[in-house]
Amino acid sequence: IQNKILSFGGLYRRYSDDLIVVCPKEKVLEVESFLYKAIARTKLEIESTKTEVRYFKKSDKSCLDKNGKKSKLQYLGVEFDGNKILLRHKGYAKFGRKMSRGVRHQVNLALEHGTTIRKRALYDRFTPLGQMNFPQYVRKASKILDSKAIAGTVRLNKLTKRIKQKIKDTSIKKSLGYKAEGNT
């Protein structure tokens, strides 16, 4: 695949099951046809609902879909609109939900056992203080992609403040008799 895409004057990258091909506009149909056939020979399928074609205009640095509407290129948790590289909202929202569940769980454990809330464990899991977590992935991505906008989404003080507020909210609701398993 790599060699064929290069022969089209394109660029091919793959990470696990995510592929991205950059090629001249006039080669899009030829590249698509080649990729579908090459993938089919491996007995795998390309998920057509997750396949996107994007066109970039140099004149105004815009990203357009097949219908000519403004769009974004999405790959490996980031999106590019032709000007800025941003963190994909879906990924950050999922991280936020996991963080909320993690905080609720820690508060519930502390209240059940009459112990203190293990804030350090929360900080290690949900802030850049930890290793091999979402904020560290985001930091590395922002550095590699040179995107201050991405880096700003996982600032340490912003996340620790969010965790502290979630602990406070969950503790108050729990003390008032709300079930802490639901969304808070």
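Which residue takes a positive phi in the hairpin of β1 and β2? The residue is Ser16, with a phi near 55°, and the hairpin has two residues between its strands. This is a predicted model, in which local features need pLDDT of at least 70 and side-chain atom pairs count only at pLDDT 80 or more, while totals for chains, interfaces and linings use all residues. Residues are numbered from 1 along each chain as its sequence is written, and side-chain values use heavy atoms, with hydrogens and water left out.

Helices (H or I, at least four residues) and strands (E, at least two) are DSSP runs, numbered from the N terminus. Strand β1 covers residues 11-15 and runs antiparallel to β2, to which five bridges join it. Two strands pair if DSSP finds at least two bridges between them. One of the bridges links Tyr12 to its partner in β2, Val21.

Helix α2 spans residues 28-41, which makes 14 residues. From its first C-alpha to its last, α2 reaches 20 Å, close to the 20 Å expected at 1.5 Å a residue; the expected span is 1.5 Å times one less than the number of residues. Buried residues (under 20% relative accessible area; exposed is over 50%, partly exposed in between, with a 1.4 Å probe and protein chains only) in α2 are Val28, Val31, Glu32, Phe34, Leu35, Ala38 and Ile39. Seen down the axis of α2, these residues fall within an arc of 165°, so they line one face of the helix. The arc is that of the directions from the helix axis to the C-beta atoms. An α-helix has 3.6 residues a turn, so residues three or four places apart point the same way. On the other side of α2, Leu29, Lys37 and Arg41 are exposed. The cover over the buried residues of α2 includes α1 (2-7), β2 (18-22) and β3 (55-57). After α2 comes Lys43, which has a positive phi near 70°.

Strand β4 (residues 62-64) contains Ser62, which counts as buried because its relative accessibility is 5%. The side chains of Ser62 and Asp60 are joined by a polar contact of 2.7 Å. A polar contact is a pair of N or O atoms within 3.5 Å; within protein, one must be able to donate a hydrogen and the other to accept it, and residues adjacent in sequence count only if both atoms are side-chain atoms.

The next region involves helices α3, α4 and α7. A nonpolar core is a set of buried Ala, Val, Leu, Ile, Met, Phe, Trp, Tyr and Cys residues joined through side-chain atoms within 4.5 Å. The largest such core has 16 residues, of which Met99, Val103 and Ile163 touch the most other members. Helices α3, α4 (119-126) and α7 (156-175) each supply at least two residues of this core, and α3 gives the most, with five. Apart from this core lies another, of seven residues, among them Val31, Phe34, Leu35 and Ala38.

In α4, Leu122, Tyr123 and Phe126 are buried. They cover an arc of only 100° around the axis, which puts them on the same side of α4. These buried residues pack against α3, α5 (134-145) and α7.

Phe95 is found in α3 (residues 89-113) and counts as buried, at 5% relative accessibility. Leaving aside neighbours within four places in sequence, Phe95 is in contact (heavy atoms within 4.5 Å) with Phe126, Phe134, Pro135 and Leu159.
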